[in-house]
Amino acid sequence: MLDPLILARIQFAATTVFHFFFVPITIGMVFLIAIFESIYVKTGDEHYKRITKFFGHLFLINFAVGVVTGILQEFQFGMNWSEYSSFVGDVFGPSLAIEALLAFYLESTFIGIWIFSWEKINKKLHAMCIWLVSIGTIASAFWILSANSFMQHPVGVKYVENNVIGKKAEMIDFFAIIKNPYLWHQFPHVLATALTVGAFTISGIAAWKILRKHEVAMFRKAFKVSIVAALIGSLGLLATGHSQAQYMVREYPMKIAAAEALYEDTGNSAAFSILAKIDQKQQKADHYLEIPGMLSFLSYNKFEGSLKGMKTLQKEMDEKYYPIVGKHLDYTPSVPVIYYTFRTMGAAGGLLTLVALIGTIFAFRKKEVEKKWFLRIMPWMLLVAEIAAACGWIMAEMGRQPFIIFGVMPTEAGVSPNSAGSVLFSLIVFCLLYTILGFAQLIAFRYMMKKKETTVKEVA
């Protein structure tokens, strides 16, 4: 028999992951487009103007699809998670309102000005418009993450009784929400992800165009700038990811224990396993290809230091949260999912860093165009970057289970009282719509990429 809770979680996961395909491309791509136009304003090099317009087309397509998927995303709260929305609405309201009324309006307004004001306003003023769009996308990410961070680490609220909806969260300190330590570990990592994905999008397309001899001189310049940005972004990913992991070791040891498939407490020097055979029912895991001391180093910056296993943490969490949730829960998340998404994310991040480093070296050599093998793999790096981003998001959200708001509200308490059939129907409809949108974007991208020339006169 179908479970409405499971279906609701699958639907939210599907729509969120699909929407998140577009978010980092938008944030990273518009930032680099702003850099391209700034270089044009500074140097007067017409190549950078044409680069700006070419990638501006692709950015607008991605932005449009991202907006549509984001609107559908918001339907989830009322459709399948009404109990959760009622509980947390007073907390999320300010963040989501600021995101919509300030950040999104900033993006939308100045995108319009930027599109239609080529050759009509001062070049510096025109470049300022795209920078404001970039600032808007970053601000939008910040306010959305402030809401998500509350789900991971609730702060700045009190819990009160309401005659209509029962217990609910009521904000008492707005600044605690925006100073949330989880937010300030998550936000830099998301920005590094966005820069990496956006940079590999542009460098991959530029490599594709170079390989086909489409305006090689112009796209070599685009490749140089974007591959350097990809290197900066991927190194930033490793640094911010490492910092975030150490924060979770201190604050969310169960999530890290699941990511390492640690059922038992480790010794004083914990090894990092590359592969593991996990039996969640029997609560055991056989680890293979271990790197001695590496897990301790990743956790504490030294090769010594123990970590608690999930069995120990289960007892501690049950004792801590039983008075809150009123029943005994299994606080162990889906270990195989978290374990392998973490390794996929890490392997993808390492590969991206390596490719960006090699690409940067090639980009500053005169004959990098002759490296056809490298140009052929570059477009595939966008897929690798998107997989890394999706895995990171899955790990973060799955690691919070069984809570929808950590330590406060179990996931099962937030779901709407819907029938399994209605949730299944909306899941099918949403997946169909998203599939259509995905194909529409691919067709539009393919059409733009196949154009052999980008004239200076065409409107972005």
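At 43% relative accessibility, Lys308 counts as partly exposed, a class that lies between buried (under 20% relative accessible area) and exposed (over 50%), as judged with a 1.4 Å probe and the protein chains only. The structure is a predicted model, in which local features need pLDDT of at least 70 and side-chain atom pairs count only at pLDDT 80 or more, whereas totals for chains, interfaces and linings use all residues. Residues are numbered from 1 along each chain as its sequence is written, and side-chain values use heavy atoms, with hydrogens and water left out.

The side chain of Lys308 meets that of Glu316 in a salt bridge, with a distance of 2.8 Å from N to O; the term denotes a side-chain nitrogen of Lys or Arg within 4 Å of a carboxyl oxygen of Asp or Glu. Glu316 is also partly exposed, with a relative accessible area of 37%. By this rule the model contains ten salt bridges. Side chains of opposite charge can pair when their charged atoms come close.

Another salt bridge joins Lys327 to Glu412, whose closest N and O atoms are 2.3 Å apart. This pair links distant parts of the chain, since Lys327 lies in the loop between helix H10 (310–325) and helix H11 (335–363), while Glu412 belongs to helix H13 (residues 411–414), 85 residues away; helices (H or I, at least four residues) and strands (E, at least two) are DSSP runs numbered from the N terminus. Lys327 is partly exposed at 36% relative accessible area, and Glu412 falls in the partly exposed class at 42%.

A salt bridge is likewise found between Lys221 and Asp45, the closest N and O atoms being 2.6 Å apart. Here too the partners come from distant parts of the chain, with Lys221 in helix H7 (residues 216–251) and Asp45 in the loop between H1 and H2, 176 residues apart. Lys221 is partly exposed, with a relative accessible area of 25%, and Asp45 is partly exposed at 23%.

A pocket is an open set of points on a 1 Å grid where a 1.4 Å probe fits, with protein on both sides within 12 Å along at least five of seven lines, and lining residues have an atom within 4 Å of a point. Its lining comprises 46 residues, among which Thr16, His19, Gln73, Ile144 and Trp393 lie nearest the centre. Two or more lining residues are given by each of helix H1 (4–43), helix H2 (46–79), helix H3 (82–116), helix H4 (123–152) and helix H12 (372–398). Of these elements, H1 gives the most to the lining of the largest pocket, with 13 residues. By class, the lining has 29 nonpolar, eleven polar and six charged residues.

The peptide bond from Gln401 to Pro402 is cis, with omega near 15°, and Pro402 is placed in the loop between H12 and strand E5 (403–405). Leu289, although not a glycine, has a positive phi of about 50°; Leu289 lies in strand E4 and counts as exposed at 59% relative accessibility. A positive phi, near 60°, is found as well in Asn301, a residue other than glycine. Asn301 lies in the loop between helix H9 (294–300) and H10, where Asn301 is partly exposed at 44% relative accessibility.

Conventions. Nonpolar A, V, L, I, M, F, W, Y, C, P; charged D, E, K, R; others polar.
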